[in-house]
Structures are given as C-alpha cells and as structure tokens.
Amino acid sequence: MSSTEPRGPIDSSRTPRYAGPATFARLPRLDEVGTTDVAVVGVPFDAGVSYRPGARFGGNAIREASRLLRPYNPAQDASPFALAQVADAGDIAANPFDIHEAVETIQAAADDLLDTGARLMTLGGDHTISLPLLRAMARKHGPVALLHFDAHLDTWDTYFGAEYTHGTPFRRAVEEGVLDTSALSHVGTRGPLYGKQDLTDDEKMGFGIVTSADVYRRGADEVAQQLRERIGDRPLYISIDIDVLDPAHAPGTGTPEAGGITSRELLEILRGLASCNLVSADVVEVAPAYDHAEITSVAASHTAYELTTIMTRQIAAGRA
C-alpha cells in the first residue's frame, strides 16, 4: 500500500508492554497511518452462539494478550511488521439484536477495507461472522479456497429455524457460491455429532476432513503438506475457531470439546502453509470469561501473528 517505511509497534524498551492502548501487537491504529496492507479488525458479535456467550469480548482479549508479541518471528524468519504495513482498524460495530442486519453490516465494512487493497486479519466474535467475510472475499477474488480449523463442522442447516448462526456459516457459503468447492477442508474436528448424516451432508458440499486424531497420528508436517496439495495456488481464506484447540490449551471458548490439537500443532500447521496464497483470515470464538491466565487469548494472539506473518511475507515478495 504505502511507499514509505512501515510503521511498526511501540518500542517496548521505551514504553513497558503493559502501558498504553492495547492495539493488536501494539501496532498503530489505521487512522494513524492512513492506509495499510493488513488490517487487523475486531468484530465484537456473538448473537449467533448456541451455548456459552461471551465471544463479543474476544477481540479485545486477543489484543490485550498480544502485548507480548515481538517484532521478529524466528519460526518464519521474518519481521512481519517491517515487511508491510499492519495496523489495527478497530472494531466493526454490528447490531447485537438483529443477526441479518449484523451480517450485512460486517460484509459492508469488510468490502470497504478490502477496497483499499488491504488484507484482513479479523478477530471475532463468534463464527457467524465468517459468512459475511467470505462474501466479501468472493466479491474481490471470486470463490475462495477455505481451510476451516474447528472442533465442529459448522455446516449444519439451521438452529431453531435460524439460518445465520455460528454453526451454519459454511453451509450458507457453499449455497451462495462464495467458496471453491474443490478446495475445502476442515481441520481438527472431533466429538459427537447429531447423526452420521452430518458427515454425509458435509462431504456432499465438498469438504475434506482432517480430524484432531489425524493430526496426532500423522503429525503437523504431513497434514500441512496434504492441505497445500489440496489448496494449490487458489486464493485461500483461513478461518480458525479457537475451540480447534483442546480445552487444556483453550478453555475460554463457547463450545469446548475434549481431544483437541495443541497450540504447538496448530502453529506448526499454519507455518507449513506459508507458501499458500493467503488472502485473509479470521480467529473466532475466544470467550474470555471462561479463560484462565489468558491461556486462550495468548494462543489466539500467536495464531493471528503467524497468519499476519504469512500475509506480510507474501505482500513483500509480490512487491519484490
């Protein structure tokens, strides 16, 4: 975006990490830099949850936990905030009482940010928000490949007759044609279902499944390789429900399931996707009221950091 040197985080040798406003990774606000290559944006919305509420507070909890992030990422050998401008774009304020209006508001705000040329690193919020974000991605890129990290499929039809919930976004996305159905995968799924038909319906939509047990048995490197082969060079959107992690690694979420992957496995799989064409991503379902010692928020902040690093590396490579 900008031809000038990117403005990075506040210098922690001059201002302690616990001081000052909690923007993501202590980065500048969007209004302070004017334009940005990657916009970190919060969506404090959780009217689509089916069990524990509280993900509306997730974005700010992730920002608080991100104070400890540092400017050099040794795992990817990159200084993401020096490669491209990353800025905190604040929150998209969505109607908490009207899901249909909220979905439209989120999509319109995402469209506006994408129209500036930025990629989005979105902090939820519940998983309902992925649908309007995917609509915005398809408007810009055409149907996108999707990697969906989650304990659950999120391809159910309705809850209590409601079509927009945190358990339905990817069925709606398939129905609306915003996803490339030749390159869809769930990662980390586990736990009981309503019936075997859930899996049958999911397969018909085009999803492949890598369960949490698959990750355990086959390892992060093999899983990442399989995912890279499935995605190819298609525009890729990554959506991460923090409950993909075992409750030991992410207790602060709305619908925890035993037997999940570790935070180390999640980060290693993401690093293995660095060659993919990542156009934007989200991290959702952090519910800090159920967290302990910021375990969940810290995991989410590091997850967003790895995703942001991938995007800035690709932006810098494209310019070079």
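## Around Phe149

The model is predicted, so local features need pLDDT of at least 70, side-chain atom pairs count only at pLDDT 80 or more, and totals for chains, interfaces and linings use all residues. Residues are numbered from 1 along each chain as its sequence is written, and side-chain values use heavy atoms, with hydrogens and water left out.

Phe149 and Ile238 have the most contacts inside the largest nonpolar core. That core has 48 residues. A nonpolar core is a set of buried Ala, Val, Leu, Ile, Met, Phe, Trp, Tyr and Cys residues joined through side-chain atoms within 4.5 Å. Buried means under 20% relative accessible area, exposed means over 50%, and partly exposed lies in between (1.4 Å probe, protein chains only). Helix H11, residues 295-319, gives the most to this core: eight residues. Helices are DSSP runs (H or I, at least four residues), numbered from the N terminus.

A second core is separate and has 36 residues. Among them are Val41, Ala102, Ile106 and Tyr237. In soluble globular proteins, nonpolar side chains tend to be buried together.

The whole structure holds 19 salt bridges. Each one is a side-chain nitrogen of Lys or Arg within 4 Å of a carboxyl oxygen of Asp or Glu.

Which residue forms a salt bridge with Arg171? The partner is Asp201, with the closest N and O atoms 3.6 Å apart. Arg171 lies in helix H6 (residues 169-175) and Asp201 in helix H7 (residues 197-204), so the pair ties together parts that are 30 residues apart in sequence. Arg171 is buried, at 16% relative accessibility. Asp201 is partly exposed, at 22%.

Glu175 and Arg172 form another salt bridge, with N and O atoms 2.8 Å apart at the closest. They sit three residues apart in helix H6, so about one helical turn separates them. Glu175 is exposed at 51%, whereas Arg172 is buried at 5%.

## A pair and a network

Arg14 and Asp11 meet through their side chains in a salt bridge of 3.7 Å, N to O. Arg14 is exposed, with a relative accessible area of 73%. Asp11 is partly exposed, at 38%.

Salt bridges also link Arg7, Arg29, Asp31 and Glu32 in a network.

Methods
Helices (H or I, at least four residues) and strands (E, at least two) are DSSP runs, numbered from the N terminus.
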